[in-house]
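Visitor: I have not looked at this entry before. Could you show me the sequence and structure, so that I can ask about them?

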Amino acid sequence: MRYWLFKSEPSTWSWEDQVAKGAVGEEWNGVRNYQARNFMRDMAVGDRGFFYHTQSEKAVVGTVEVIAKAHPDSTSDDDRWECVDIKALDPVKTPVTLEQIKADERLSGMVLVNNSRLSVQPVTNVEWRIICDLAGLTG
DNA sequence: GCCAACGTTGGC
DNA sequence: GCCAACGTTGGC
């Protein structure tokens, strides 16, 4: 199983919106960036990810599971764009902020820190473990 | 609200 | 195939 991170503007699609979708989940549509799309193509059903809020919050707020592999994005007529479906897994006990992540030298290699504009990104097993600990999750 | 960083587009 | 212009993202 691999780990990922999904960024979303809470004013557009929030963790609460994701939770409201329940086990049915929702497609992670709207991505129009090749790198992000390619990561979604690499995802397998059962992979897990962090759900990250941008804008004012800037924190990991929950975990999600990939429930459908990459398929055409229903919000685009252009068949270049694909997306996976994800469902909410667990809310964090404590949000892990970007500030915390930047301050933790163990996390200095994270894509979140080094390429702030990439909206779908891989997370290493070690990074997953550390952030789960900070978030109060068993992981 | 600003702006740096980055990705994409299109003219050549 | 290069690169200038432009648009977007997201932290501050």
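Visitor: Which residue of β3 is the bridge partner of F6?

Guide: In this predicted model, local features need pLDDT of at least 70 and side-chain atom pairs count only at pLDDT 80 or more, while totals for chains, interfaces and linings use all residues. Residues are numbered from 1 along each chain as its sequence is written, and chains are lettered from A and ligands numbered from 1 in the order in which they are written. Strands (E, at least two residues) and helices (H or I, at least four) are DSSP runs numbered from the N terminus, and β1 and β3 pair in the parallel sense over six bridges, where pairing requires that DSSP finds at least two bridges between two strands. Within β3, the partner of F6 is F51.

Visitor: Which residue in β6 stands opposite W4?

Guide: β1 is also joined to β6, by four bridges, and these two strands run antiparallel. In β6, the residue facing W4 is P122.

Visitor: What is the order of the strands in the open sheet?

Guide: The edge strands are β2 (26-27) and β6 (120-123), each of which pairs on one side only. β2 is joined by two bridges to β5 (residues 82-97), and this pair runs antiparallel. The pairing in the six-stranded sheet is mixed, and its order is β2-β5-β4-β3-β1-β6.

Visitor: Is Q55 buried or exposed, and why?

Guide: Q55 lies in the loop between β3 and β4. A residue is buried if 20 or more other C-beta atoms, placed from the backbone, lie within 10 Å of its own, exposed if 12 or fewer, and partly exposed in between. Because Q55 has 10 C-beta neighbours inside 10 Å, Q55 counts as exposed.

Visitor: Which residues are around DNA strand B?

Guide: A residue is near a strand if its C-beta atom, placed from the backbone, lies within 6 Å of it. The surface near DNA strand B divides into one nonpolar, three polar and one charged residue, where Ala, Val, Leu, Ile, Met, Phe, Trp, Tyr, Cys and Pro count as nonpolar, Asp, Glu, Lys and Arg as charged, and the others, Gly among them, as polar. The residues around DNA strand B are N33, Y34, Q35, N115 and R117.
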